[in-house]
Amino acid sequence: MNPAGWASLQKAAEIINRACRENRLVAVWGHDDIDGIASTAIMLDALRDKAKAIYYIPPKSVTHYGLDREVIDQLLAKGVSLLITVDSGISSLDEAEYAASKGLELIITDHHELPPRLPKAVCLLNPKIPEDLRPSPDLAGAGVALYLAAAMDGEPSEGWLNEYPHRTAWAALATITDRVPMTGENWHIARAGLDFIENNQVIGQLNDLLGISSDQGLSPRIISQTYVGLLSSGISQGFRHETLELLQGDFDHQRWKELYSDEQLWLNRMEDQVAAKTETALADPNPLKVLADEQMPWSLVGPVVGGVRDRTGHPAIILGRKNGLTAGECRGFEPFDFVALLNELKGFFLQHGGHKPAAGFTVIEGREKELIEALRKYGIKNQNLILRSKPSEKTDHRLARLDQITPILPEMLLRAPYGPANQPPVCEFENLLLPKYSQPGDRYWLKYLIASQKNEDFINFKCSCTMDVTHKNNFYLDILSVKANG
Ligand SMILES: [Mn+2]
């Protein structure tokens with residue numbers, strides 16, 4: 001956990017601290033998703049009392065990921081002499097060269113998959129670059145920023161994650177949102193951060209709006225279904241500065257309330273779209289589900305393709321229109337690897353990037369039809385790998401009745417918080433008393449179920465469920481399947 005052993009981290013911290021001492025203007029280059037904005041908040045916080053700092057977060061309408069020459073020129077005109085990217089930049093080879101040619105010092109911090117050739121920068125900080133004593137390669141962008149912020153303070157103490165609770169809270173939120181493996185350093189960041197998120201006045205203020213009671217406590221699952229939806233829909237509607245301000249403490253209640261009601265409408269639209277696209281995908285025998293919809297609002301494409309992936313159990317791609325160009329979002333299950341797919345078909349793309357299970361691209365104009373053909377061929381060629389790539393469906397505990405759950409709970413607490421690569425237990429009950437109209441997707445508070453077992457309105461089900469636990473030790477059952485007994 002100690003940041004001290006990661007050589008590139010120490011180098012980046014030294015360069016930043018020197019620029020601060022020399023009183024130079026520093027700019028942070030973010031990315032417009034929750035991870036990118038949390039990373040920006042962390043870097044700005046680390047620079048706060050040390051340097052004059054400004055930031056730039058590219059709007060979604062910018063047609064490519066990473067750095068951009070025109071904006072580099074604007075930053076230079078403002079007098080910026082050190083640029084630090086967060087959660088982005090690892091694929092910006094030409095732009096990095098351009099920055100160097102203009103005398104702009106560039107530190108790239110990112111966590112995305114490494115491109116075949118790395119950009120030239122005074123320092124490259126990406127945990128996927130093999131390096132002695134670096135932390136987990138699976139850190140989120142904000143995890144990288146959190147390490148860098150700590151290193152700027154010199155040798156960190158043992159309990160450095162607790163030193164700046166707001167930074168750890170932001171990094172935890174991003175770690176959960178980016179769906180990176182909930183293991184190693186990510187697990188520690190999330191575990192410490194869950195406490196801090198709730199105590200963070202700012203994020204805590206959203207609880208009223210989202211209907212989260214303060215004694216309930218938080219889990220990654222609860223966060224994903226509440227904060228993440230609201231903040232993501234805010235960002236996708238262009239509220240990236242407002243989201244950063246919200247994290248920093250400037251909460252405009254009215255604005256977020258309006259966004260929240262918009263989001264509810266948006267969720268309904270998304271549901272309809274997921275249902276329609278799932279139907280189309282299931283009718284197509286190709287194991288790689290390739291869907292095109294020029295009419296779909298770009299902000300819906302990512303969430304809808306995720307829904308199609310979950311409902312069909314197949315990797316899926318939706319091509320839509322983004323700022324006058326055809327662009328696509330991809331979601332799958334490992335070991336199927338979208339980064340490999342995009343690299344193999346890179347001749348079709350203006351830009352592409354992302355992770356094995358989640359990636360995106362923009363298409364060279366006029367090559368859309370050919371690309372769709374190539375994707376379909378890729379699906380058939382990789383059929384065996386695709387069919388092996390599924391979420392696991394194993395049952396961890398087979399139980400006769402609810403009271404048999406007690407011995408499982410202490411270990412559940414130890415392993416929480418849960419997330420990718422650290423899944424919560426799946427339990428199958430022979431006999432479980434539940435409210436009559438229970439269905440998949442329902443969530444029950446364990447204490448409530450225990451107290452209600454004699455309730456006359458409850459009936460006996462054979463039931464499979466996954467479990468969840470909050471940082472305040474509240475347990476939940478999330479119903480996967482139910483079948484009434486007898
Ligand atoms: Mn990220």
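## Two helices that cross

A crossing of two helices is called right-handed if the near helix is turned clockwise from the far one by less than a right angle, and left-handed if the turn is anticlockwise. Keep that in mind as you look at this predicted model, where α12 passes α13 in a right-handed crossing.

Which residues make the contact between α12 and α13? On the α12 side they are Trp266, Met270, Glu271, Gln273, Val274, Ala275, Lys277, Thr278, Ala281 and Leu282. Helix α13 brings in Ser299, Leu300, Pro303, Val304, Gly307, Val308, Arg311 and Thr312. Sort the residues of this contact by type and you get 10 nonpolar, five polar and three charged.

Now for the geometry. Helix α12 covers residues 253-282 and helix α13 covers residues 298-312; their axes come within 8 Å and cross at roughly 50°. That angle is why α12 counts as oblique to α13.

## Another crossing, α1 with α5

Let's move to helix α1 (residues 7-21) and helix α5 (residues 141-152). Their axes come within 9 Å, with a crossing angle of roughly 60°, so α1 is oblique to α5. This crossing is right-handed.

From α1, the contact uses Leu9, Gln10, Ala12, Ala13, Ile16 and Asn17, while α5 supplies Tyr147, Leu148, Ala151 and Met152. What kinds of residues are these? The contact of α1 with α5 has eight nonpolar residues, two polar ones and no charged ones.

Take Asp87 and His111 as a pair: they are 24 residues apart and link distant parts of the chain. You'll find Asp87 in the loop between β3 (80-85) and α4 (93-101), whereas His111 sits in the loop between β4 (105-109) and β5 (123-125). Are these two buried or exposed? Both Asp87 and His111 are buried.

## A closer look at Ser136

Where is Ser136? Look in the loop between β5 and α5. Ser136 has a relative accessible area of 12%, so it is buried, the cut-off being under 20%.

What does Ser136 contact, leaving aside its neighbours within four places in sequence? The answer is Pro127 and Glu185.

Technical notes. Residues are numbered from 1 along each chain as its sequence is written. This is a predicted model: local features need pLDDT of at least 70, side-chain atom pairs count only at pLDDT 80 or more; totals for chains, interfaces and linings use all residues. Side-chain values use heavy atoms; hydrogens and water are left out. Axes are lines fitted to C-alpha atoms, for helices over the stretch in contact, and angles run from 0 to 180 degrees between N-to-C directions. Helices (H or I, at least four residues) and strands (E, at least two) are DSSP runs, numbered from the N terminus. Angles under 35 degrees count as roughly parallel, over 145 as roughly antiparallel, 65 to 115 as roughly perpendicular and the rest as oblique. Contact means heavy atoms within 4.5 Å. Ala, Val, Leu, Ile, Met, Phe, Trp, Tyr, Cys and Pro count as nonpolar, Asp, Glu, Lys and Arg as charged, and the others, Gly among them, as polar. Buried means under 20% relative accessible area, exposed over 50%, partly exposed in between (1.4 Å probe, protein chains only).
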